[in-house]
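This report examines a protein model and describes selected features of its helices, its surface and its charged side chains. Please consult the sequence and the structure while reading.

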Amino acid sequence: MMFLNLGIFLIILAFVVLPQIFLTASASAGDDECTIDVPNSTACCAEDYFNGTSDFSVVDIIQGTGIMEKTLMFYGMYSNEIYGYHAEVNTSLIGFTKSLYYDLPLAFVCTTLACFLVSLVAIVRAASREFKDRLVEGEGQFYQYCNLIFGGWDFCIHNEKSAEIKHKAVFNEIKGLLLAKKMEFERFNRTSDIMAKLIVMRFFINCIVLGILAASAVVIYYLLNVSLAYLDPNFTPESILSPFSHAREKSFLVTPAIVEDIFRDVDDAAGAEERTLSDQLVVLFYEFLPYMAIVLLNFLVPILFNYLVQFEQYSPVFVIKMALLRTILLRLSSLGVLLSRFYVLVSPQVGDEVCYNAQRGTPQCWETFVGQQLYKLFIIDFVTHIFVTFFINFPRALIAQHVNTKLARFVGEQDFELSKHVLDIVYSQTLCWLGSFYAPFLPGIAFLLNFFMFYIKKFACLCNSKPSEIHYRASRSKSLFMFILLLSFAIAVAPVVYAVAELHPSRSCGPFRGLQSVWAAAIEAFMKMPAFVQNVIFFFGTAAFAVPAFIILILLLYYYYAVSAANKHMVMVLKNQLVLEGRDKQFLLNRLSSFIKQQQDYQKKMRQAEMRANRDSRTSRNAGEREAD
């Protein structure tokens, strides 16, 4: 994931960020001038947004607001202009005019699609490798123990530490196989009464899990509405928050008056004097309130899921699958609630008479607002990992190591749950995919934080945890993790694609201001292409191209199916040949052993005959000596 984020960031840096910095707009390609006659035109809305001033504050770095909002970190500061280069060449032999154009809005769309395509190719390649390993492993499932014992060693190992690690890996693999066989034996020997109780128990636990997921979604929705209601005086809470409306002035620390005070323009000296540190901390609390709730739920609820799954008596492999499924449902549902709330906030379109719907609490640049929220969620997720690893789990591990009591072991001992740590990486990568369109620098931040996350997880593995009591096969788990990553990618891409195709861009900011949708920029660029190129692209959507292409694909599928069937038949033939060769070897070994036995019997008889002859000769010689005497 770390190098994937680096590649995505380099693509965005090369085709979006650097052109925005170094290219200059052509004289003919620019926004219309802001005039007094049309005060709410796109040019005037953009001028109002770009000319807003903000003081620098350290808090802005973790919030993405203030001066950070007016940088290329977020979507809103990118231009909608087409950069151009013009040159006129006049010589005695030839004269021509050369023009080169760089369409930044089109580059923004194409770069986003390219990043998603690169991510999809990387995931599919990794998943295909794991699938091949699973396929090869499945072919030899009847010889698992023999393969591990006689063919599982790596003879390229030359040092003791690597050999010890390999020993433990093979040991855990064999132990996982034996545990799986034991669970399978117990499952086949359950009585009907035990099965009935187990089915009822599983149904009850699944109902509890669904209730927990629903309650988590409701909590996130409430807290997000509370945060928006108290940070924006113009925001009108939904009906779900009606119970809170009566307690607005009493139950919460922030009132609309305080909010207006805190967010008063910095040029207002009276507002700056009245602004206090406690007010800023309260606003900071409400800024991060829903995201702290999401991170806290992601930390606590999986612990409850792991406790409940013990009563369902699944196999170790299926326990991991259930834990992964429930945890990913929790995390993705929390993101779904967050995005749905953002959609309700920004979806109503505004006419040309206003820049944005301020009365409803819609941000002036809603794309930057979404990027800020995902940026804050990403940052607080990383900070939570640091806090939990070093300030909660590490002291617990020290207590377990140095205090030899049952209570200390219960409090301090921690199993290393590989699935949980992998899901943490998958979750952060999902946030990166979601926010790469709204915050182009987010993949670069994800690259740096994943680099530090690796060492945080290494510290948690080596210092805080002990080996898990549930042994499972790593080869099976890797393919499952890749499937979870592919699912997260699909869920992350879907909202971005919908926003590109359907949502109305902000009129005040971004490279698509003034357009009906983001995809309209690609359509406009397409319509500027030569007629020949348009006809070629249109031809790809006609039946004259689709029908032959479909027939060719069917023939290719049949060809590869025939090749696969032939390969399977050849594999079966080779397996039968190996069986016959094994029987031939066994026959030859039997013949050789019988021949050796015959030779041994013959040699034994010859020795016995020789011994009898020697004994007879000695007897006759002794008899002759006695006669002579």
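## Salt bridges

A salt bridge is a side-chain nitrogen of Lys or Arg within 4 Å of a carboxyl oxygen of Asp or Glu. The model discussed here is predicted, and the structure contains four salt bridges.

One of the salt bridges joins the side chains of Asp 424 and Arg 331, with an N to O distance of 2.8 Å. Asp 424 belongs to helix H16, whereas Arg 331 belongs to helix H13 (residues 316–346), so the pair ties together parts that are 93 residues apart in sequence.

## Packing of helices H1 and H16

Two packed helices are described by the angle between their axes and the distance between the axes. For helix H1 (residues 2–22) and helix H16 (residues 418–435), the angle is about 10 degrees and the axes are 11 Å apart. Angles under 35 degrees count as roughly parallel, which means that H1 is roughly parallel to H16.

Which residues of H1 and H16 make the contact? Helix H1 contributes Leu 4, Asn 5 and Ile 8, while helix H16 contributes Gln 429, Cys 432 and Trp 433. Of the residues in this contact of H1 with H16, four are nonpolar, two are polar and none is charged.

## A nonpolar surface patch

A nonpolar patch on the surface is formed by Met 529, Phe 532, Val 533, Val 536, Ile 537, Phe 539, Phe 540 and Phe 545. Together, these residues have about 700 Å² of accessible area.

Helix H20 (residues 531–539) supplies the largest share of the nonpolar patch, namely five residues. Val 533 is located in helix H20.

Conventions. Residues are numbered from 1 along each chain as its sequence is written. This is a predicted model: local features need pLDDT of at least 70, side-chain atom pairs count only at pLDDT 80 or more; totals for chains, interfaces and linings use all residues. Side-chain values use heavy atoms; hydrogens and water are left out. Axes are lines fitted to C-alpha atoms, for helices over the stretch in contact, and angles run from 0 to 180 degrees between N-to-C directions. Helices (H or I, at least four residues) and strands (E, at least two) are DSSP runs, numbered from the N terminus. Angles under 35 degrees count as roughly parallel, over 145 as roughly antiparallel, 65 to 115 as roughly perpendicular and the rest as oblique. Contact means heavy atoms within 4.5 Å. Ala, Val, Leu, Ile, Met, Phe, Trp, Tyr, Cys and Pro count as nonpolar, Asp, Glu, Lys and Arg as charged, and the others, Gly among them, as polar. Patches are made of residues with over 30% relative accessible area and no salt bridge: like charges are joined within 9 Å, nonpolar side chains (Val, Leu, Ile, Met, Phe, Trp, Tyr) within 5 Å. Accessible areas come from the Shrake-Rupley method with a 1.4 Å probe; for residues, only the protein chains shown count as cover.
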